[in-house]
Amino acid sequence: MILVLKYGTTKEQTLDLCQWIGSFGVQANPIFGSDTIIVGIVGDTSSIDINTIENDDRIEKVMKVQEPFKKANRKFHPDNTLVKVGNVTIGGKQIVLAAGPCSVESEEQMIDIASKVKQAGATMMRGGAFKPRTSPYAFQGLRAEGLLYMKRARDLTGLPVVSEITNPSQLELFNEYVDIIQVGTRNMQNFELLKELGHCKKAILLKRGFSNTIEELLMSAEYIMSGGNENVILCERGIRTFETATRNTLDISAIPMLKRMSHLPVFVDPSHAGGISWLVEPLSMAALAAGADGLIIEVHNDPKNAWSDGQQSLTPEAFMELTSKLRPLATLLGREI
Ligand code: PEP
Ligand code: MN
């Protein structure tokens with residue numbers, strides 16, 4: 001971290017400032033120029049509150065030279081992290097496809113969709129049981145019953161289950177029924193939830209908040225990892241912009257940026273990004289081309305009558321067609337589906 005001091009700061013004030021900064025357990029080294037004084041801070045600066053320092057009367061500007069995320073940082077972990085869930089390895093050569101309905105609606109539906117998406121090449125199933133809905137009057141999910149239906153579909157198909165948690169009180173249920181715990185866009189900065197997930201052993205699919213930066217996403221991953229759970233998969237699912245033609249704007253550049261900044265696997269959710277079923281194919285293609293390790297896609301047996309997100313859901317047949325188009329692209333990219 002580098003501090004630029006205000007014009008007119010005296011030598012005595014500078015030394016006093018360095019002593020104060022030193023009390024945070026770091027070394028503060030002043031450099032006196034002809035009209036500007038700068039202070040270089042070395043050591044572990046993670047315990048320093050930048051806002052407090054920035055507010056100090058003597059300081060003009062604070063410049064960070066290192067990213068605040070450590071465990072998620074590729075600098076300290078150059079190799080890709082592989083997250084293993086059952087027989088599936090995420091972050092390796094295989095492009096992992098997770099598919100299923102937005103909300104679990106019945107046991108038969110889950111079994112039907114899971115077996116069809118498996119045939120098409122999916123190696124994991126998705127389904128929401130605890131749904132964070134904008135309206136309290138909208139369907140809130142089948143809750144524990146929904147998780148049980150997914151577990152039954154897993155027992156029959158062997159596909160690991162991805163489902164969203166909305167509250168730490170659900171962890172006991174998730175530990176029993178779910179293989180990958182999804183943190184949704186609305187909960188990316190629910191820090192108490194993230195801390196609890198740091199203590200569990202399940203892999204976490206951490207979705208980017210729709211108004212959060214890439215660094216904030218990585219800091220949320222850091223919350224989970226610093227608690228001891230390093231099995232984190234990042235997920236770009238579209239962010240809010242001024243554009244209204246699509247539900248969100250898929251931030252394609254986030255994919256190579258995340259892969260460069262972090263060693264964690266990166267998923268893309270083209271369904272929530274575009275919000276329209278016909279957009280899923282081009283967005284999936286773009287995501288793979290940009291380096292995504294996997295896709296999470298909404299698939300429904302009867303999209304027109306889906307209890308949530310039918311407009312962006314593919315039929316199992318359309319999902320089959322999609323995977324047949326993604327396979328040659330994956331090969332071209334040196335990967336496989
Ligand atoms: C979902 O996966 O169904 C979902 C609600 O996703 P997001 O949190 O990205 O909106
Ligand atoms: Mn959905």
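**View 1. The two domains of the predicted model.** Domain bounds here are those given by an automatic or database domain assignment. By that assignment, the protein chain of this predicted model is split into domain 1, residues 2–63, and domain 2, residues 83–332. The centres of the two domains, taken over C-alpha atoms, are 44 Å apart. Along the principal axes, the C-alpha atoms of the protein chain occupy a box of roughly 75 × 45 × 40 Å. The chain holds 11 helices and 14 strands. Of its 337 residues, 51% are buried.

**View 2. The hairpin of β2 and β3.** Strand β2 covers residues 27–32 and strand β3 covers residues 37–42. The two strands run antiparallel and are joined by six bridges. Together β2 and β3 make a hairpin, with four residues between them.

**View 3. The manganese site.** Four residues supply the protein donors of the manganese ion (ligand 2): C102 through SG, H272 through NE2, E298 through OE and D309 through OD.

View 4. Are C102 and D309 buried or exposed? A residue counts as buried when its relative accessible area is under 20%. C102 has a relative accessibility of 3%, so C102 is buried. D309 has a relative accessible area of 13% and is therefore buried too.

**View 5. The surroundings of ligand 1.** The residues around ligand 1 are C102, R126, K131, E164, Q182, G184, T185, R186, K207, R237, H272 and E298.

View 6. Which side chains have an N or O atom at 3.2 Å or 3.3 Å from an oxygen atom of ligand 1? The side chain of R186 has one at 3.2 Å, and the side chain of H272 has one at 3.3 Å. For Q182, a polar side-chain atom lies 2.9 Å from an oxygen atom of ligand 1. Ligand 1 taken alone exposes 290 Å², and the protein buries 96% of that area.

Definitions and conventions. Residues numbered from 1 in each chain as written. Chains lettered and ligands numbered in written order. Predicted model: local features only at pLDDT ≥ 70, side-chain atom pairs only at ≥ 80, totals over all residues. Heavy atoms only, no water. Donors = N, O, S within 2.8 Å, 3.2 Å for Na, K, Ca; no water. Buried < 20%, exposed > 50% of the residue type's maximum accessible area, 1.4 Å probe, protein only. Pairing = 2+ DSSP bridges. Near = heavy atom within 4 Å. Polar contact = N/O pair within 3.5 Å; in protein donor to acceptor, adjacent residues only side chain to side chain. Areas by Shrake-Rupley, 256 points an atom, 1.4 Å probe, with all protein chains shown as cover.
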